[in-house]
Amino acid sequence: MSTKQKSMIWMLIPVMFSFFTMGFVDLVGIATNYVKADFQLSDTLANLLPSMVFFWFLIFSVPTGMLMNKIGQRKTVLLSIVVTVAALLLPLLNYSFASMLISFSLLGIGNTLMQVSLNPLLSNIVSGNRLASTLTLGQFVKAIASFLAPIIAGWAAVSWGNWKLLFLIFLVIAVIACVLLGMTHIDESSSVETKSSTFGECFALLADKVVLISFLGIICHVGIDVGLNLTAPKLLMERLDMTLTGAGLATSVYFLFRTIGCFSGAFLLAYFPMKKVFTVSVLMMVAAMIGLFTMQSLAAHYVCIALVGLGNSNIFSMLFTRALLHLPNRKNEVSGLMIMGLFGGTIFPLFMGIVSDWMQSQIGAVAVMSIGVLYLLSIIPAIRKD
C-alpha cells in the first residue's frame, strides 16, 4: 500500500465517523413514536417533531454553503458535531414536549451543517467517478446508526425502562467523532479558491435543469425516507394491533435493508451506469407502495418496507453526485442547495399527518409517500446514461 493510499485511509476514518454521527438524525422516527405515546399526541402534532428537524434544512443549507467558503469544510463539520452534542444532551437534562421540540431543532441545525459540509469535504479525499461510490459508502455508515437507533431505544425501554438512554449512547459517539476529526488535517485547497457567493447567486443555480431536477428528487427521497420511518410502526399497530415495542422493529427492518442497499450500492455504482441503478431502485419503491396499499399480513409489510429500504438507499448519493459533478466549480453552493432539499423531511410528514388524521388511517400517509415515488419515476429519462 502506497503512502498516498495510507494517508487517504487515515483521512477517511474520521470522515466515516462523522457520517455515522450524521445518521443520528434518523432517531427522530422511533423517538417521535415514543414521545407520541408518552404525551398522548395526535398524528398531526406528533409529526411536528420530525418537521422541526428538517425545517432547518430550508433555513440554513444555503448559508452553510456560504459559511464553508469562509471557514472551510472541516471546521463546519466540527461545528455541526458540537451542535449535535447539545441536541443529544438536552433530553437527558429535561424531558418534556417543549424540550424535545428544542432538541429536535438543534438536531436539525447540526445535521444541516453536517450534510452540507461533509459531502464536499469527502470530495477533497476522493474525486471523479469514485465519488458516487464513496458517498454511498458514507451513506452505508450513516445507515448503520439509523438501523441501530430503534434497536437501542427498544432495548433501553425494556431493560432499563428508559428509551432515552439512546441519546446518551449517541452522545458519547458524537464526542469521539469530534475529537478524531479535530485531530485530522484535510487539504481543502480546491475550496479555498472558490469565491464567496450571495444568496441570489446560490438560488440562481436552480435555473439549471440538472440542479433543479436533482433538488426536487432529493425532496422526494427524504420525504419517503422520513415518511416510512414514521409510518411503518403505525401501519403495523393499526392493521395488526401490535404494540409500539413490537411494531418499532419495522423501522429496524427499513434501516437494515437501507444499510444493505447502501453497502451494495457502493459496488454497483462502481461497475454499472448510474441510470440503471437509479431505474431499478425506483421500480422497487413503486412495487412497495402498491404492496402497502393492498397487503395485510406482517410478512408482506416487511417485504414492502424492505423494498423501500433497498430502493431509496442510493437515490440521494446519485442525485447529489450528479449535481456536484455537473457544476464542480460551485460545489459548496450546489451542496447547500441539494441539502436544502432535505426540507422534504418537513413537508412530507406534515401532509402525511394531516391526511392520515383526515382519513383516520395510515393509508393517507402511504398516499403522500407515493406522490414522491411517482416523481422519481418521472425523472428516470433525465438521469444521464454514463
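Tutor: Let us begin with the second largest cavity, which is lined by Asp43, Asn47, Leu230, Thr231, Lys234, Met352, Gly353, Ser356, Gln362 and Ala365. The model is predicted, so local features need pLDDT of at least 70 and side-chain atom pairs count only at pLDDT 80 or more, while totals for chains, interfaces and linings use all residues. Residues are numbered from 1 along each chain as its sequence is written, and side-chain values use heavy atoms, with hydrogens and water left out.

Student: Why is this space called a cavity, and what makes a residue part of its lining?

Tutor: On a 1 Å grid over the protein atoms alone, a cavity is a set of points where a 1.4 Å probe fits but cannot get out, and a lining residue has an atom within 4 Å of a point. By this rule there are 2 cavities of 30 Å³ or more.

Student: How do you know how much space lies in the second largest cavity?

Tutor: A volume is the space filled by probe spheres set on the points, which are joined across faces, edges and corners, and here that comes to about 40 Å³.

Student: What makes H11 stand out in the lining of the largest cavity?

Tutor: Helices are DSSP runs (H or I, at least four residues), numbered from the N terminus. H11 gives the most to this lining, with 4 residues, and H11 and helix H18 (344-359) each supply at least two residues to the lining of the second largest cavity.

Student: Which residues lie nearest the centre of the largest cavity?

Tutor: Of its 18 lining residues, those are Gln115, Gln139, Lys142, His221 and Asp225, and the space itself is about 190 Å³.

Notes. On a 1 Å grid over the protein atoms alone, a cavity is a set of points where a 1.4 Å probe fits but cannot get out, and a pocket is an open set with protein on both sides within 12 Å along at least five of seven lines; lining residues have an atom within 4 Å of a point.
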